[in-house]
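Biologist: I've got this one open on my screen and want to get my bearings. Where do we start?

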Amino acid sequence: MSTAPEYLLAIYIAQHRSEPPVSPGELGETLDRSPAAVTEMCQRLSEDGLVSYKPYDGVTLTEPGREKAAELHETYVTVSWFFRGVLDLDDHETEAMELAGLVSPIVAKRLAATLPCDAGGGTRGLADSNMTASDRDTV
C-alpha cells in the first residue's frame, strides 16, 4: 500500500522530469498502483491542500505540497544513497521511496552525517559541509 508521502515524492520527481500535471497513469505505473487507488489518493491529497487534482488530466503539487515533497526528497536521497552505497541494495530507489516518509528529519541528518563522500580527496560525512553548528549539535 502506497502512502501519501510516497505519492507526494513520486509527483515531485515526475514534475522535475516533465511539465505538470502528472498523469494518473504515470503515478500508477511509478507506484505500481491501480487507477482506483491513484484516484483515491489524489482526491485525498487534494482535500488536504497538497495537490491540485483534475480527473483524467492529472495532479500538480500546490505550494504546501511542494514544500512537503521537497523535504521528503531530501530524506529520500539520503536513504537511497545509504541503501545503495552501504547496503548495496539493487532496488535502492524503490526501498528509499517507501521509507522516506517514515524517517524523521533528525534521523535523516544523522544518517547523512555518517555517509562517506569524496570531498577534495578526503572522506567526510555527506551533510558536514551543509550543516550549521546548531545542526551538528543536534546530530
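Biologist: OK. What kind of model is this?

Modeller: It's predicted: local features need pLDDT of at least 70, side-chain atom pairs count only at pLDDT 80 or more, and totals for chains, interfaces and linings use all residues. Residues are numbered from 1 along each chain as its sequence is written, and side-chain values use heavy atoms, with hydrogens and water left out.

Biologist: How many helices and strands are in the chain?

Modeller: Seven helices and four strands. Those are DSSP runs numbered from the N terminus (helices: H or I, at least four residues; strands: E, at least two). Starting at the N terminus, the order is α-α-α-β-β-α-α-α-β-β-α.

Biologist: And how much of the chain counts as buried?

Modeller: 35% of the 139 residues. Buried means under 20% relative accessible area, exposed over 50%, and partly exposed in between (1.4 Å probe, protein chains only).

Biologist: What share of the contacts comes from residues 24 or more positions apart?

Modeller: Taking the contacts with a separation of 6 or more, residues 24 or more positions apart account for 56%. A contact means heavy atoms within 4.5 Å.

Biologist: Back to α4 and α5, then. At what angle do they pack?

Modeller: About 135°, and their axes are 8 Å apart. The axes are lines fitted to C-alpha atoms, for helices over the stretch in contact, and angles run from 0 to 180 degrees between N-to-C directions. That angle makes α4 oblique to α5. Under 35 degrees is roughly parallel, over 145 roughly antiparallel, 65 to 115 roughly perpendicular, and the rest oblique.

Biologist: Which residues meet there?

Modeller: On the α4 side you have L72, T75, Y76, V79, S80, F83 and R84. They meet H92, E93, E95, A96, M97, L99 and A100 in α5.

Biologist: How does α4 (63-86) sit against α6 (105-114)?

Modeller: That pair packs at about 40°, with the axes 10 Å apart, so α4 and α6 are oblique to each other. This crossing is left-handed. T75, T78, V79 and F82 in α4 meet A108, L111 and A112 in α6. T75 and V79 of α4 turn up in the contact with α6, and T75 and V79 are also listed in the contact with α5.

Biologist: What about α1 and α5?

Modeller: Helix α1 and helix α5 (residues 92-100) pack at about 125°, with their axes 8 Å apart. They are therefore oblique to each other, and α1 passes α5 in a right-handed crossing. E6, L9, A10 and I13 from α1 meet M97, E98 and A100 from α5.

Biologist: I'm looking at Q15 now. Is Q15 buried or exposed?

Modeller: Buried, because its relative accessible area is 15%. Q15 is in helix α1, residues 4-17. Leaving out residues up to four places away in sequence, Q15 touches P20, V22, V59, T60, L61 and R66.

Biologist: P20 is on that list. What joins P20 and P21?

Modeller: A cis peptide bond, with omega about 5°. P21 lies in the loop between α1 and α2, and α2 covers 24-31.

Biologist: Switching to backbone angles: what is phi at D32?

Modeller: About 55°, a positive value although D32 is not a glycine. D32 sits in the loop between α2 and α3 (35-47), and D32 counts as exposed because its relative accessible area is 63%. Y56 has a positive phi too, near 70°, and isn't a glycine either.

Biologist: Where is Y56?

Modeller: In the loop between β1 (51-54) and β2 (58-61). At 84% relative accessibility, Y56 counts as exposed.

Biologist: There's another tyrosine, Y53, in strand β1. Buried or exposed?

Modeller: Y53 is buried, with a relative accessible area of 14%. Beyond residues up to four places away in sequence, Y53 touches P24, T39, C42, Q43, S46, G58 and V59.

Biologist: How far apart are the C-alpha atoms of Y53 and P24?

Modeller: They're separated by 9.5 Å, and the two residues are 29 apart along the chain.

Terms used. Left-handed = near helix turned anticlockwise from the far one by under 90°.
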